[in-house]
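Thanks for making the time today. I would like to walk through the charged side-chain pairs in this structure, so please bring it up on your screens.

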Amino acid sequence: MATYTVIKATPKPKPQSGEEGGPAVISSGPDGVQVVTFGCRLNAYESEAIRARAAADGVTDAVVFNTCAVTGEAVRQARQAIRKARRERPGARVIVTGCAAQVDPAAFAAMPEVDLVLGNAEKAAPGALLETGRVRVNDIMSVKETAGHLIDGLKDRARAYVEVQNGCDHRCTFCIIPYGRGNSRSAPAAEVVEQVRKLAAEGYQEVVLTGVDVTSWGADLPEQPTLGQLVGRILRMVPNLPRLRLSSIDAAEIDPDLFALLETEPRLMPYLHLSLQAGDNMILKRMKRRHSREDALKLVAEVRRVRPDTAFGADLIAGFPTESDAAFENTLRLVEEADLAFLHVFPYSPRPGTPAARMPPVKGPVIKDRARRLREAGQRGLERHLERQVGRVLSGLVERDGLARAEDFTEIRFEGEAPAGQIVAFKVTGHDGARVIGERVIAEQVA
C-alpha cells in the first residue's frame, strides 16, 4: 500500500537566483549525527526523515549527506563537502544518499572518505543507516510506493508538509532526476486527507502538498484522479485548515478542477511556482518540455483573471545547449511579460547520461552572463511585486520572530515577537527589495 510523508518543520530556503542546487544545509543533533542537505525542498524534508530514523535506530557519530543530482555543480559540491567532513571528523561514519548517490553509487563508493552509499528508496528505511555493507542501492524504477516514513518533527515550527507524490514519468533532456527518484507514484487520497486532518487538529495553520512532480498526482491510481480533485477533497473534509499550499508545479498539468479551486477557494494559497525552464519555443522543444511560451503566458493570464492576487514564481535555465542570443532574449522578456515575482535561475551544466549533454554547448562565460541578466530581471520583477503591496494589509503566517509569509508567498519583515505558526495581519509600510516591511494590526484596524 502506498503511503506518504509528513514533515512538520519550517522549510529550508529555496536556492536564491543563480545558486546551483542551493547551499548545503547542515543540521546537527545531540547524538553527534549531522545531516547535510543539498538541493530541493523535497530533499530537505526527507532529511528530517533521515534524522528521525537515525534517532530511532540509535545511530551516533555519523555524517549523512543527502545529495542532489540536478547539476554537475551540485555533485561537485557534495564531493567536496564529503572530503571536508572526513578531515574534520575522522572517526565519524560517513553515509552518502540522495539523488546523486542513486544515479552514480559507484562514484561515491570509490571515495575513500565514504563508509556507506544508500539509494533514495533506502535512505530512511529501518536499519538502513546501520548497514554493514558498502553499497545499498536498488533499482529505483522498480519502486511502486511513496515513502512510508511519518515524520513527527519540531512542534514550534510554522507549517507541515505532506509528500503526496514522488518520482517523475517525464524525460526532459536536461534532467537526470527521474533516474534518481524513479517513476511517478502517488499516495492514496484517503490517507493524505487523514494526515491533513490530523495536522489541522494539532493546530497547524498551513499544510503544503509536495513531491517531485506534484501535478502528476493520481495518474497511477485507480480511476486516475487529478490533483485538483485531491485538493478539493482536502478542503471539503478539513474545514478547519486555514491554508493549503502547493509546491512547484508543471505548467502543462494544471487540471480544470484545480483551476476552478484557484478561482473559488480562498484557503488555497494564491501562489504558483511554475517549472518553466525557458521562454523560447525552440529551446522548450529541445528540452522536451510539454508547454510552449504561449501556453505559459496564457496560463498566467487566465489565473490572474480569476484570482488577481495570485503571484507567480518560476524556475529558468540560462544557457541551455544551442540557446542563441534571440532565444535567450525570449526567455528574458518572459520574466516581465508574465510578471514573475520569484525567480530561481540555474546556469546550465551538463549531466552525463542526458540527451542535452550531447547537444552543442553554450560557452561558459555566455552562460554566466545570461544567468546574471536573468537574475537582474528577476530582482526587478520582485521589486515591482513588493511595491504593489505597499499600503495593503497582508495575512502572514509567522515563520519565526521578525519574519512571516503572506498568502502569495511574499516575505514580511516585522518588529517584535510572535509565535511561529500564528497567522497575523500586517499593514505594509514599505519594502527593502527582498521583502515587505509590515506593522502588526489588530482585528478592529483591519475591519
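This is a predicted model: local features need pLDDT of at least 70, side-chain atom pairs count only at pLDDT 80 or more; totals for chains, interfaces and linings use all residues.

Does glutamate 337 count as buried, exposed or partly exposed, and at what relative accessibility? Glutamate 337 counts as partly exposed, at 43% relative accessibility, where buried means under 20% relative accessible area, exposed means over 50%, and partly exposed lies in between, with a 1.4 Å probe and protein chains only.

Residues are numbered from 1 along each chain as its sequence is written, and side-chain values use heavy atoms, with hydrogens and water left out.

A search of the whole structure finds 31 salt bridges, each being a side-chain nitrogen of Lys or Arg within 4 Å of a carboxyl oxygen of Asp or Glu. Glutamate 337 takes part in one of them with arginine 293, their closest N and O atoms being 2.9 Å apart. Because glutamate 337 lies in helix H11 (residues 325-337) and arginine 293 in helix H10 (residues 293-306), the pair ties together parts that are 44 residues apart in sequence; helices here are DSSP runs of H or I, at least four residues, numbered from the N terminus. Arginine 293, for its part, is buried at 12%.

Another salt bridge joins aspartate 325 and arginine 370, at 2.7 Å from N to O, and this pair links helix H11 to helix H12 (residues 364-389), 45 residues apart. Aspartate 325 is exposed at 57%, whereas arginine 370 is buried at 5%.

Definitions and conventions:
Helices (H or I, at least four residues) and strands (E, at least two) are DSSP runs, numbered from the N terminus.
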